[in-house]
Amino acid sequence: MVPIYKGGDRSAVTNYRSISLTSVVCKQLEHVIEGYSRQVWDKNDWLCERQHGFRPGYSCESQVITVWQDIAGSLDKGVSIDAITIDFSKAFDLVPHDWLLMKLAASGMDSRLVVWVRERVGGQLSKEVKVTSGVPQGSVLGPLLFPVYINDIWRNINSSIRLFTDDCIIYRKNTNKKT
């Protein structure tokens, strides 16, 4: 892990982002694991279709197009839309390892692979503190792990939701009648 300065006071730890610098062999292994994971999740239809980030066939553009089609369809019918946009602050840094591992295990992933991921994201100690949250940035698996963590966010929302990695829009038709 290498700390990359983001801005602000150079003496504040919060102004640095940890980036994972790994060997070519490690990155290749992560690509194999990523491919396996995607196959398991596709077979089980596990990964939420509302997540447009870091998925084959999905993109920022597909998220925007889907949202705007929904909004335009409602507006064409004279129905207004209420919407909230959310950017999860420091999203990749704050993923609790225990929750992430629990969700990976529930996804149908082989238990040996869950143990490997546990060692990759949560088994490291620094001199000052045990690392208990965050997914490795700069790695092949990092972009895949955050969407796993928020994969079930839609279950408790009674509105439409579209995600692009750590950005989210929640919207629904406004059913209040004006008198």
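**Notebook: aromatic rings**

I started with W99, which comes out partly exposed at 47% relative accessibility. I'm keeping in mind that this is a predicted model.

Next I looked up ring pairs. How many aromatic pairs does the count come to? The count comes to three. I took W99 and Y149 to begin with: their ring centres sit 6.3 Å apart and the planes make an angle of 25°, so I logged the pair as stacked, the cut-off being under 30 degrees. Then I checked where the two residues sit. W99 is in helix α3 (residues 97-106) and Y149 is in helix α5 (residues 142-149), so this pair ties together parts 50 residues apart in sequence.

Is Y149 buried or exposed? I got 16% relative accessibility for Y149, so I put it down as buried. F146 is buried too.

I went on to F146 with Y149. Their centres are 6.4 Å apart and the planes are at 50°, so I wrote this pair down as tilted. Both residues belong to helix α5, and because they are three residues apart there, about one helical turn separates them. Putting the pairs together, I get a cluster in which ring pairs link W99, F146 and Y149.

Last, I looked for charges over rings. Which residue lies over the face of Y5? I found R10 there, at 3.7 Å from the ring centre. I also noted R55 over the face of Y58, with 4.2 Å to the ring centre.

Conventions:
Residues numbered from 1 in each chain as written. Predicted model: local features only at pLDDT ≥ 70, side-chain atom pairs only at ≥ 80, totals over all residues. Heavy atoms only, no water. Phe/Tyr/Trp six-rings, centres within 6.5 Å; stacked < 30°, edge-to-face > 60°. Helix = DSSP H or I, 4+ residues; strand = E, 2+ residues; numbered from the N terminus. Buried < 20%, exposed > 50% of the residue type's maximum accessible area, 1.4 Å probe, protein only. Lys NZ or Arg CZ within 6 Å of the ring centre and 35° of its normal.
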